[in-house]
Amino acid sequence: MSGSHAAFGGVQGIYRHASTATGTDMTFSVYVPPHAPGARLPVLWYLSGLTCTHANVTDKGEYRAACAEAGVIFVAPDTSPRGDNVPDDDAYDFGKGAGFYVDATQEPWSGNFRMRSYIEEELPALIAAEFPVDMARQGITGHSMGGHGALTIGLRNPDRFRSISAFSPIVSPLHCPWGEKALAGYLGEDRLAWREYDACALIEDGARVAELLVDQGDADQFLVDQLKPELLRAACAATGIDLTLRLQPGYDHSYYFISTFMADHVRWHAERLAR
C-alpha cells in the first residue's frame, strides 16, 4: 500500500504491485466502504480513459459517498504499463496512458502492453485474494477509452459481470481515428483481429448481455468523430440488447460530466449486483 485515507466511513487505498502480465509495477486504487466484519461485498470496476492513471477518478470521480451508501467496493486500475523501460509514443493517444485494454501482438508493444490480461485475469485474482469482495457480484464501467474497455470486457465475459455501463465510450474503435491508430499499432493491420476489441463488432458477432447503460454529453468535443454512440444504439437495437443511452445536454468529456452522473451509475450497478 502506498497510501490510505478514511472516507465516508470506509477506506480509500492506493496500492502498487509487480505485475506478471505487464512486466512492470502497476498502481491501482480501491475504495472499501464500511461493512460488517466478515462481509463480502460486490465490486465495481472503473476503467479510465486516454492519458489518465488511477488517480483521475480517485481524485475527481465523486463515487465514495454512493459506494458507502450502497456497500460497493470500487476498483480503479491504471490505463497502461509504466516505467523507463516501457516503450512509448510521443502522441497522447498511443503508448503510455493509452493501453486500450488490449493484449498487444506487435513489437515493441507486445512485451508490456497486455492490459486485457491484466484487467481480466491478474488484477481480479489479486483483488479476490486481498479484499472482502464477492466475486460473484461484479460490475464494470469506464470513461472514453475506458468505456470501450468496460463494454468490450463486459461483452466478452457476460457470466462474470452482472452489470455494464459507460461514460462517453469509444463504442467502435474500428470506425474512429483513435481506435484505428491504436488497434493497428498494437495488433497489426488485420482488421478481423480487431473485432474482439470493438463493442459493436462483438455484438454483431454474437455477444449478448441483457442491458447496458451509457451516459454521453451532447457538448462532448469528441462525440461526432470518435465516440459515435449511434453505432452502439444500432447494434443493440438489431440484437435486442436493452440499451439506455442518455444524451446529457450541455455536458462535455471531462470529469465535471463524469462526477455529475457517477452516483447514478453506482446506484444502477448496486441494484443489479444485489439481485
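This report walks through a central strand, a helix, one threonine and the nonpolar cores of the structure above. The model is a predicted one.

Let us start with strand S5, which spans residues 73-77 and is mostly covered, with five of its five residues buried. Side chains in a regular strand alternate between the two faces of the sheet. In S5, Ile73, Val75 and Pro77 point one way, while Phe74 and Ala76 point the other way, and all are buried.

| Strand paired with S5 | Residues | Bridges to S5 | Direction |
|---|---|---|---|
| S3 | residues 25-32 | four bridges | antiparallel |
| S4 | residues 41-47 | three bridges | parallel |

Two of the residue pairings can be picked out in the viewer. Val30 stands opposite Val75 of S5, and Leu44 has Phe74 of S5 as its bridge partner.

**Thr27 in strand S3**

Strand S3 also holds Thr27. With a relative accessible area of 14%, Thr27 is buried, because the cut-off for that term is under 20%. The side chain of Thr27 makes a polar contact of 3.2 Å with the side chain of Arg16. Beyond residues up to four places away in sequence, Thr27 touches Ile14, Tyr15, Arg16, His54, Pro77 and Asp78. Pro77 in this list is one of the buried residues of S5.

**Helix H8**

Next comes helix H8, residues 229-239, whose buried residues are Pro229, Leu232, Ala235 and Cys236. These four lie on the same side of H8 because they cover an arc of only 120° around the axis. Ala237 and Ala238 are exposed and sit on the face turned away from that buried side.

What lies over the buried residues of H8? The cover includes helices H4 (145-156), H6 (199-204) and H7 (223-227), together with strands S8 (211-217) and S9 (242-248). After H8 comes Gly240, which has a positive phi near 80°.

**The nonpolar cores**

The largest nonpolar core contains 65 residues, and Val30, Phe100, Ile127, Tyr186, Leu212 and Leu232 have the most contacts inside it. Helix H5 (residues 177-187) gives this core its largest share, six residues. Another core, of 20 residues, lies apart from it and has Tyr63, Phe74, Met262 and Val266 among its members.

Leaving out neighbours within four places in sequence, Tyr186 is in contact with Phe94, Gly95, Ala98, Gly99, Phe100, Val102, Ala104, Thr105, Gln106, Trp109 and Phe113.

Note on methods. Residues are numbered from 1 along each chain as its sequence is written. This is a predicted model: local features need pLDDT of at least 70, side-chain atom pairs count only at pLDDT 80 or more; totals for chains, interfaces and linings use all residues. Side-chain values use heavy atoms; hydrogens and water are left out. Buried means under 20% relative accessible area, exposed over 50%, partly exposed in between (1.4 Å probe, protein chains only). Helices (H or I, at least four residues) and strands (E, at least two) are DSSP runs, numbered from the N terminus. Two strands pair if DSSP finds at least two bridges between them. The arc is that of the directions from the helix axis to the C-beta atoms. Contact means heavy atoms within 4.5 Å. A polar contact is a pair of N or O atoms within 3.5 Å; within protein, one must be able to donate a hydrogen and the other to accept it, and residues adjacent in sequence count only if both atoms are side-chain atoms. A nonpolar core is a set of buried Ala, Val, Leu, Ile, Met, Phe, Trp, Tyr and Cys residues joined through side-chain atoms within 4.5 Å.
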